[in-house]
Amino acid sequence: GSADLKLQGLNRYTAWATCGIGGIQLTAAAGVEPNRQRPAGIQVWTAHPAERLHDGSRGDPLDAPPALSLSGVRNGTFCGQIAIGSTQAIRNVHATSGDLRREGGAGTIPAAAIELFYVVANDRLPARQGQPAWLDILAAEPPETVEASSAGAVLPVWVRVRVPRDTPPGRYEGAVTVSASGLAPTPVPLRIGVADWTLPDPKEFRTHVGLIQSPESPALYYGDELWSDEHWRQVEASFALLAE
């Protein structure tokens, strides 16, 4: 290579470029399946709970069938998310969960300890041209229809597992089954490893977090009169969620 290769973005030259790649070419036999676009039809995949999904999110169609794996302790709350995506509008979504059973021994996390929510866009905010439609509102019931944008349609299912205090440690497995128009009931394995330790109740936590809860926000969002009884009920619910 040339001794005068300029370093990109830097206003200087390297005098000794003694080794470099002259070029790369990728070739493949016929029949290679691309994964750079959303696959046609409805797709189901799992995403990390810290991943904020939007209308352009998609799973890799070449990945293994989706499974949701969590780690937790007794008396704790642990979450994950399953996503449903499509090139067309998504309609009539339904999700259910059964019991989680302990591998190799007695023990059950009952279905009543597993909550399912649907993550939708905040329709109180104006759409921004060229920006993704972020999905960050938890709804207890699925929308009748998720309309498709130019990027597609996505509806995450948020899975919240509350591990009972008396749960024996071990690995538990069950499934969350999702369905929609054009999507037959699809079981997604749900696994959680429960460690042999019990988390204190949230009221017994000892920590410091530099956050300020906004008491006005619930009133603004739900249209309640400031400091009314209904407003205080919304504030109480928001603190209960923050505690977890």
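**Around the largest pocket**

Guide: Let's begin with helix H2, which gives the most to the lining of the largest pocket, with five residues. Please keep in mind that this is a predicted model. The pocket holds about 860 Å³ of space. Besides H2, which spans 229–243, strand S9 (135–139) and H1 are the elements that give two or more residues to its lining. In total, 17 residues line the pocket, and those nearest its centre are Leu138, Tyr222, Ala237, Ser238 and Leu241. Sorted by class, the lining has 11 nonpolar residues, five polar ones and one charged one.

Now let's pick out Ser238, one of the residues nearest the pocket's centre, and see a partner it has. The side chain of Ser238 makes a polar contact with the side chain of Gln213, at 2.9 Å. Where does Gln213 sit? Its place is in the loop between strand S13 (183–198) and helix H1 (216–222). Leaving aside residues up to four places away in sequence, Gln213 touches Val235, Ser238, Phe239 and Leu242.

A disulfide is a covalent bond between the sulfur atoms of two cysteines. A search of the whole structure finds zero disulfides. Cys19 counts as exposed because its relative accessibility is 75%, and exposed means over 50%. Cys79, at 22% relative accessibility, counts as partly exposed.

Key. Residues numbered from 1 in each chain as written. Predicted model: local features only at pLDDT ≥ 70, side-chain atom pairs only at ≥ 80, totals over all residues. Heavy atoms only, no water. Helix = DSSP H or I, 4+ residues; strand = E, 2+ residues; numbered from the N terminus. Polar contact = N/O pair within 3.5 Å; in protein donor to acceptor, adjacent residues only side chain to side chain. Contact = heavy atoms within 4.5 Å. 1 Å grid on protein atoms, 1.4 Å probe; cavity = no way out; pocket = protein on both sides within 12 Å on 5 of 7 lines; lining within 4 Å. Points joined across faces, edges and corners; volume = space filled by probe spheres on them. Nonpolar A, V, L, I, M, F, W, Y, C, P; charged D, E, K, R; others polar. Disulfide = S-S within 2.5 Å. Buried < 20%, exposed > 50% of the residue type's maximum accessible area, 1.4 Å probe, protein only.
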